[in-house]
Amino acid sequence: MPGKLTRQEALELLDVEDGASETQLKQAWKRMALKWHPDKNPGEDTTETFQRINAAYEKLMKGEADEDDDDFDVMNDEDMAEVFRDFMEAAMAAHMFGAGGRGGFRFPGGGRRGGGGRGFSFYMDQMFGADPFDDGPFFSSRSRGRPRFGKKKAKRRAFRDEYESEESSDDEYGRPRTQAPPRPPKKSLTAEELRKEGNDAFAKGQLAAAIRHYTNALERLDPNDELKPHVLLSNRSAAYVRHGLIPQAIADARECVRTAPDWGKGYQRLGIALKENGDLEEAVEALSTAVGLIDEDSAAAVRGLLEEARASLKQREEEEALAARLAEKEAASQAKREAQRAAREAKREAERAEKAKAAKAKRDAREKQRKAQEEAEAAERKAAADAVRAAEEEAAEVARRKAAAEAAEKAAAEKAAAEKAVAEQAAAAAAANTTRADAKDAEPSPDAPPEHRRRLASFASQDSG
């Protein structure tokens with residue numbers, strides 16, 4: 001048994017927060033108990049951990065008032081019964097399907113299941129101090145060994161104790177082999193007995209059972225039997241019809257007619273099946289054949305069926321004719337609607353064409369107006385350019401004329417100046433000639449300026465040259 005736990009250790013073992021509610025503690029305890037149960041961990045011994053989890057739950061459920069309480073007894077019957085049900089479900093599943101590995105289960109009256117190691121009873125002893133199937137926290141003397149937690153599990157245990165062998169062997173897959181409960185030998189029924197059982201099941205409305213009995217009877221039918229196969233086929237066809245399996249019913253009825261072409265009931269079955277399938281023409285034909293072959297006692301019923309089939313056929317033909325008339329009327333109405341729709345569409349198309357034509361004419365007029373305006377603007381721009389060019393040319397001509405006049409005036413002035421200069425030069429030359437002549441005849445005065453004397457000297461040198 002585990003030693004004394006502190007509250008903090010108990011909280012850590014159950015993985016809960018301090019102040020958790022009783023519901024949270026119970027959920028945490030169940031989760032951890034299932035996780036660390038020895039039978040859930042066959043590879044290791046987790047008995048001590050499992051006991052510490054139980055002790056932690058007990059301590060936290062007692063609260064702070066019992067902090068120093070050192071009692072680690074098992075929990076109350078109600079709580080333990082709840083988790084024990086979970087354990088028992090896992091144990092029963094392992095027992096039934098052969099859980100392998102360590103920690104197999106041991107039940108009273110049976111061998112160990114699922115491998116070696118410590119069995120289920122060992123861990124029950126560790127948890128509860130006794131075999132859980134003995135009188136203890138889950139069993140009372142009043143129940144006489146039956147568990148409180150459910151009658152079904154007690155029945156399963158009783159079944160196991162009664163039919164399971166003490167030393168059961170394993171099958172070829174290593175799984176436990178148990179003895180099946182004895183069954184009384186099944187009586188082999190004849191085809192006639194199976195037919196009667198099928199008739200009884202058919203009368204009770206047990207159609208699947210009736211079909212099964214008729215099928216078995218067909219399989220066991222002997223050629224020497226008085227019962228013939230067409231009778232069983234007829235009965236099974238009727239069961240198929242009642243069961244809603246119409247294709248199978250038609251197949252059986254056709255086979256019945258093929259094997260007994262002179263038996264009127266086969267045609268009756270075929271007519272009924274065809275009528276249920278909606279093949280009224282064939283149904284009328286088959287029922288008409290049945291009326292001619294069947295006995296007078298059953299002919300009235302067959303005639304009734306025939307009249308029903310004919311009435312249904314007539315009604316269907318009338319409905320088809322009405323449907324054809326309605327379809328023709330609907331086709332005419334549809335054609336009329338189509339013509340009206342086509343006329344409306346043509347009218348809309350003509351309106352759209354007229355609108356398109358008007359729009360095109362409007363666009364053409366706008367385009368023509370735009371071009372005329374552009375041409376007028378171009379003419380205006382050209383006239384303005386021509387006027388500017390003429391003015392510029394006129395101004396240039398005036399300037400040219402003015403420049404020519406000024407050039408002529410300048411040339412005349414230059415000519416006059418040149419002529420004047422020539423005249424002045426001629427006059428100067430004449431004066432100079434006169435002066436040289438005079439100078440030649442007169443000597444310069446000693447009192448004459450130097451300039452005058454140099455000038456006279458130059459004249460003299462020019463004359464001598």
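This briefing describes the fold, confidence and selected local contacts of one protein chain. The structure is a predicted model, and its chain of 465 residues has 29% of them buried. The secondary structure amounts to 14 helices and two strands. Among contacts with a separation of 6 or more, 48% join residues 24 or more positions apart.

**Confidence of the model**

- The chain has a mean pLDDT of 76, with 68% of its residues at 70 or more.
- Residues 64-74 form a stretch in which pLDDT stays under 50. The model has 17 contacts beyond four places in sequence for this stretch.
- Over residues 98-149, pLDDT likewise stays under 50, and the model has 119 contacts beyond four places in sequence for these residues.
- Where pLDDT is low, predicted coordinates should not be read in detail. The contacts listed for residues 64-74 and for residues 98-149 therefore call for that caution.

**Nonpolar cores**

- The largest nonpolar core holds 37 residues. Leu232, Ile250, Leu270 and Val302 are the members that touch the most other members.
- Seven helices each supply at least two residues of this core: H7 (191-203), H8 (207-220), H9 (229-243), H10 (246-259), H11 (264-277), H12 (280-293) and H13 (296-441).
- Helix H12 gives the most to this core, with seven residues.
- Ile250, leaving aside neighbours within four places in sequence, is in contact with Leu270, Ala273, Leu274 and Asn277.
- Another core, of 17 residues, lies apart from the largest one. Its members include Ala10, Leu13, Val16 and Leu60.
- In soluble globular proteins, nonpolar side chains tend to be buried together.

**The aromatic pair between H2 and H3**

- The count of aromatic pairs comes to one. The pair consists of Trp29 and Tyr57, which are stacked, with 4.9 Å from centre to centre and 25 degrees between the planes.
- Trp29 belongs to helix H2 (residues 22-36) and Tyr57 to helix H3 (residues 47-62), so the pair ties together parts that are 28 residues apart in sequence.
- Both partners are buried: Trp29 has a relative accessible area of 2%, and Tyr57 has a relative accessibility of 1%.

- Asn41 is placed in the loop between H2 and H3. Asn41 counts as buried because its relative accessible area of 15% falls under 20%.
- The side chain of Asn41 reaches two backbone oxygens: that of Lys35 at 2.9 Å and that of His37 at 3.0 Å.
- Beyond neighbours within four places in sequence, Asn41 is in contact with Lys35, Trp36 and Thr46.
- Thr47 lies in helix H3 and is buried, at 9% relative accessibility.
- A polar contact of 2.8 Å joins the side chain of Thr47 to the side chain of Asp45.
- Thr47 and His37 are 10 residues apart along the chain, and their C-alpha atoms are separated by 7.2 Å.

**The loop between H1 and H2**

- Asp15 is located in the loop between helix H1 (7-14) and H2. Asp15 is exposed, with a relative accessible area of 58%.
- The phi angle of Asp15 is near 60 degrees, a positive value in a residue other than glycine. Most residues other than glycine have a negative phi.

- Asn235 is part of helix H9. Asn235 counts as buried because its relative accessibility of 14% is under 20%.
- Leaving aside neighbours within four places in sequence, the contacts of Asn235 are Arg195, Asn199, Tyr214 and Arg269.
- Arg212 lies in helix H8 and is partly exposed, at 47% relative accessibility.
- Arg212 and Ala201 are 11 residues apart in sequence, with a C-alpha to C-alpha distance of 9.9 Å.
- The charged end of Arg242 sits over the ring of Phe202, at 4.8 Å from the ring centre.

Methods. Residues numbered from 1 in each chain as written. Predicted model: local features only at pLDDT ≥ 70, side-chain atom pairs only at ≥ 80, totals over all residues. Heavy atoms only, no water. pLDDT = per-residue confidence, 0-100. Contact = heavy atoms within 4.5 Å. Phe/Tyr/Trp six-rings, centres within 6.5 Å; stacked < 30°, edge-to-face > 60°. Helix = DSSP H or I, 4+ residues; strand = E, 2+ residues; numbered from the N terminus. Buried < 20%, exposed > 50% of the residue type's maximum accessible area, 1.4 Å probe, protein only. Lys NZ or Arg CZ within 6 Å of the ring centre and 35° of its normal. Polar contact = N/O pair within 3.5 Å; in protein donor to acceptor, adjacent residues only side chain to side chain. Core = buried A, V, L, I, M, F, W, Y, C linked by side-chain atoms within 4.5 Å.
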